[in-house]
Amino acid sequence: MILLDLNQVMIANLMMQIRNSSEVEEDMLRHMILNSLRLYRTKFAKDYGDLVICCDDKNYWRKQIFPYYKAHRRADREKSPLDWNNIFTILNRIRDELKETFPWRVLQVETAEADDIIGTLCHRFGKILKADGVENILILSGDKDFGQLQKYANVEQFSPVTKKWIRINNPEAFLREHIMKGDRGDGIPNFLSGDNCIVAGQRQKPLMSKKLDTWISLDPLDFCNEMMLRNYKRNEALVNLDMIPSEIQEQINNQYDNYQIPDRKGLLNYFIKKRLKHLMEHIGEF
């Protein structure tokens, strides 16, 4: 099983396409995204099986428990010269075309992120011990959050952006460190800092390396005061993929089990309609 973070692949191709221009060429972007999916499938399918495309929805459930989650990204987009409303319209259209035409599961669950889909399926199919006949799982994403899922012996991770394997020696310690450090990219402060720290542009309270190294091996109850424990639990709820709400996990598993994979015969007409001449030569690789 190849669990592909679609948003990351799309954004990587978008950034490549607009490197010399702020204009988004939809046909070219579509070609680039589809060709990336083809190349990943060709490279990894033999060892890991077929693609499962994991998509972000909107109104993430994490925003319901932490209003500042990814809040700074909207402000960054508003300052950008790019027309992000148009970009999202194009990316959503390409995502929907994948659902309608391509012979893969393309999963999108209300209020869930690709992280939730990847985490849920790894929890379901991951094995603590590797054995004959166990399905190998490859996560195609550079997102560091997924390092925690390497606690399963059959889970590996490859970054499409850096083209490198991501290997975590101690996933449990990695997760604890991630909880304490937070995730600036997602607007999550470290566990010594207040909720709105990043959004307000305030400096986070420094988290000293010596203390971090000591705390990683301890139970939070052994070193946290009331404020620290509250913020530790805040971050844990946001980054620990064991804590995805059960109703979200149920929806993901139901969608995976009941997904109606489109017939491959629709691919040719789609390639003709979208003028994907060069990809048509590789239609058997989709």
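**Close-up views of a predicted protein chain**

**View 1. Leucine 14 and its contacts.** Beyond its neighbours within four places in sequence, leucine 14 touches Val24, Leu29, Trp84 and Ile87, where contact means heavy atoms within 4.5 Å. The model is predicted, so to speak of local features we need pLDDT of at least 70, side-chain atom pairs count only at pLDDT 80 or more, and totals for chains, interfaces and linings use all residues. Residues are numbered from 1 along each chain as its sequence is written, and side-chain values use heavy atoms, with hydrogens and water left out. Leucine 14 sits in helix H1 (residues 6–17); helices (H or I, at least four residues) and strands (E, at least two) are DSSP runs, numbered from the N terminus. Leucine 14 counts as buried because its relative accessibility is 0%; buried means under 20% relative accessible area, exposed over 50% and partly exposed in between (1.4 Å probe, protein chains only). From the C-alpha atom of leucine 14 to that of glutamate 26, 12 residues along the chain, the separation is 9.7 Å.

**View 2. Strand E1 and its two partners.** Here you can follow strand E1 (residues 2–5), which is covered on both faces. Ile2 and Leu4 lie on one side, Leu3 and Asp5 on the other, and all are buried. In a regular strand, side chains alternate between the two faces of the sheet. E1 runs parallel to strand E2 (residues 51–54), joined by 4 bridges, and aspartate 5 is opposite cysteine 54 in E2. With strand E4 (residues 137–140), E1 pairs in the parallel sense over 3 bridges; there leucine 4 faces leucine 140. Two strands pair if DSSP finds at least two bridges between them.

**View 3. Helix H7 and its cover.** Next, have a look at helix H7 (residues 171–181), where the buried residues are Pro171, Ala173, Phe174, Leu175, His178, Ile179 and Met180. Helix H8 (209–215) and helix H9 (226–239) are among the elements covering the buried residues of H7. After H7 comes glycine 182, with a positive phi near 75 degrees.

**View 4. The whole chain, for context.** The protein chain holds 12 helices and 6 strands, and its C-alpha trace spans about 65 × 50 × 35 Å along its principal axes. Of its 286 residues, 50% are buried. Among contacts with a separation of 6 or more, 72% come from residues 24 or more positions apart.
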